[in-house]
Amino acid sequence: MLHPRGTTPRPRRTPDPARTPDPARTPRTRRAALSALGSLLLAAVALPAVAPAAHGAPAARKPGPAAAPLAVRGGDLSSLPKNEAFGASYRYEDGTAGDALAILRSAGMNYVRLKVWVDPADGYNDKDNVLAMARRAKAQGMKLLVDFHYSDAWADPGKQNKPAAWSSHGYEQLRRDVRDHTHDVLNALRAQGTTADMVQIGNEINGGMLWPEGSIDNWPQLAGLLKAGAEAAKSVSAGTRVVLHLAEGGDLEGTRWWFDRAVAHGVPFDVIGLSYYGYWHGTLADLRANLNASASRYGKPVLVAETAYAHTLRNDDALENIIARGDQLVPGYPATPEGQAAQLREVMAAVADVPDGRGLGVVYWEPAWTAVPGSGWDPADPGSGNAWENQALFGYDDRALPAVRLFGGAG
């Protein structure tokens with residue numbers, strides 16, 4: 001998203017820093033327009049006691065009892081190579097310096113999610129970078145989720161722009177583009193011994209992808225593009241699971257509307273992926289209702305493919321953060337390390353509680369994207385900042401925060 005020179009980008013309702021909020025949109029108008037762990041902690045390691053937030057804010061709610069470990073306990077580490085290139089450093093909770101990937105793996109993270117852009121301006125998040133990060137992840141014994149954006153920059157419900165190289169292509173050529181690009185990246189991963197375990201065909205595609213040809217205004221064409229990507233993924237590795245990923249994880253009606261059409265048009269998929277940010281996407285009860293209903297209705301496992309929460313409201317660079325005020329927070333979960341951990345634990349518990357073992361897991365979005373000059377949100381602007389650092393899983397002293405312990409468990 002372009003912004004007037006000298007102004008600060010306003011955040012959208014989804015987590016990419018290029019997004020702009022639109023609170024007037026409802027699930028129905030949004031569809032028309034675009035259309036615990038998880039927390040089985042090691043017995044000797046417990047979360048610190050929940051402390052009251054400063055300035056009279058409520059203390060974090062105490063999380064419920066621990067649930068069975070989730071199969072997928074992941075993090076989107078797409079920005080890690082760029083952060084490292086510009087000098088980011090990372091530390092274990094005790095202050096010992098270390099590699100961010102190793103720190104997260106040692107805490108129990110077992111999946112790495114990596115986005116793929118076609119020809120990004122800064123050279124990051126392209127095929128070569130994904131191959132390099134996949135080698136690092138597999139060397140740590142971690143599994144791999146590849147997130148195809150089919151764009152040169154951020155794709156989300158508010159924008160699904162074609163890559164520049166595909167900008168003049170019509171529907172039939174776009175189908176070939178999707179097939180060839182998907183096959184090329186995944187085949188290269190397989191060739192180097194780092195076969196993708198899961199693949200997203202598009203990112204937060206509530207409104208479709210590769211607009212206008214792949215808009216939800218033309219479901220037969222959207223379905224054709226999705227099939228091209230899914231079939232390419234399976235042709236490389238039949239065991240790779242295909243994920244279809246929407247935002248608005250608390251929107252049961254919108255999720256059903258979208259997936260009913262995907263099923264009616266014969267789009268193949270193995271996993272339902274949903275983004276859930278508690279400050280945008282409804283209550284935890286809304287999330288639970290959607291996860292449970294979707295898993296039951298479609299007979300597929302459900303994955304929270306993106307989630308995050310603030311550990312502070314302080315800023316660590318010149319760009320205003322997406323979550324910067326107390327009134328943006330989820331009631332009962334202050335912007336503290338303890339509040340962040342409590343919110344994440346509840347999201348993990350919601351997934352773990354999905355009936356019939358269909359709660360697949362949770363992926364934390366950009367846990368290592370800390371504020372480093374040069375590693376900003378805009379690939380075309382080296383001077384752009386980071387609007388996300390207060391939601392990372394590393395504090396401003398570079399130390400891992402208590403929430404990383406929630407990824408612990410077998411598997």
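**Close-up views of a predicted model**

View 1. At 27% relative accessibility, E84 counts as partly exposed, because the partly exposed class lies between the buried limit of under 20% and the exposed limit of over 50%. The structure shown in this and the following views is a predicted model. E84 belongs to helix 2, which spans residues 80-85. Neighbours within four places in sequence aside, the residues in contact with E84 are Y90, D99 and R136. With R136, the link is a polar contact between the two side chains, at 2.8 Å. V372 is 288 residues away from E84 along the chain, yet the C-alpha atoms of E84 and V372 are separated by 8.8 Å.

View 2. The strands form a closed barrel in the order 1-4-5-6-7-8-9-10, and their pairing is parallel. On average, neighbouring strands of this sheet are turned by 25 degrees against each other, direction ignored.

**View 3. Strand 6 and its partner strand 5.** Strand 5 (residues 143-148) runs parallel to strand 6, and four bridges join them. Across this pair, D147 stands opposite Q200 of strand 6. In a regular strand, side chains alternate between the two faces of the sheet. Strand 6 (residues 198-201) is covered on both faces. M198 and Q200 are buried on one side, and V199 and I201 are buried on the other.

View 4. Which residue of strand 10 stands opposite V302? The residue is G359. Strand 9 (residues 302-307) and strand 10 (residues 359-365) are paired in the parallel sense over four bridges. Helix 9 (residues 337-352) lies across both strands and runs at about 155 degrees to strand 10.

**View 5. Helix 7 over strands 7 and 8.** Helix 7 (residues 252-264) lies across strand 7 (241-246) and strand 8 (271-275). Relative to strand 7, helix 7 runs at about 135 degrees.

**View 6. Packing of helix 7 against helix 8.** The axes of helix 7 and helix 8 (residues 284-298) are 10 Å apart, and the helices pack at an angle of about 20 degrees. Angles under 35 degrees count as roughly parallel, and helix 7 and helix 8 are therefore roughly parallel to each other. Helix 7 passes helix 8 in a right-handed crossing. On the helix 7 side, the residues that meet helix 8 are L252, T255, R256, F259, D260 and V263. Helix 8 contributes A289, N290, A293, S294, R297 and Y298.

Methods. Residues numbered from 1 in each chain as written. Predicted model: local features only at pLDDT ≥ 70, side-chain atom pairs only at ≥ 80, totals over all residues. Heavy atoms only, no water. Helix = DSSP H or I, 4+ residues; strand = E, 2+ residues; numbered from the N terminus. Buried < 20%, exposed > 50% of the residue type's maximum accessible area, 1.4 Å probe, protein only. Contact = heavy atoms within 4.5 Å. Polar contact = N/O pair within 3.5 Å; in protein donor to acceptor, adjacent residues only side chain to side chain. Pairing = 2+ DSSP bridges. Axes fitted to C-alpha atoms, helices over the stretch in contact; angles between N-to-C directions. Parallel < 35°, antiparallel > 145°, perpendicular 65-115°, else oblique. Left-handed = near helix turned anticlockwise from the far one by under 90°.
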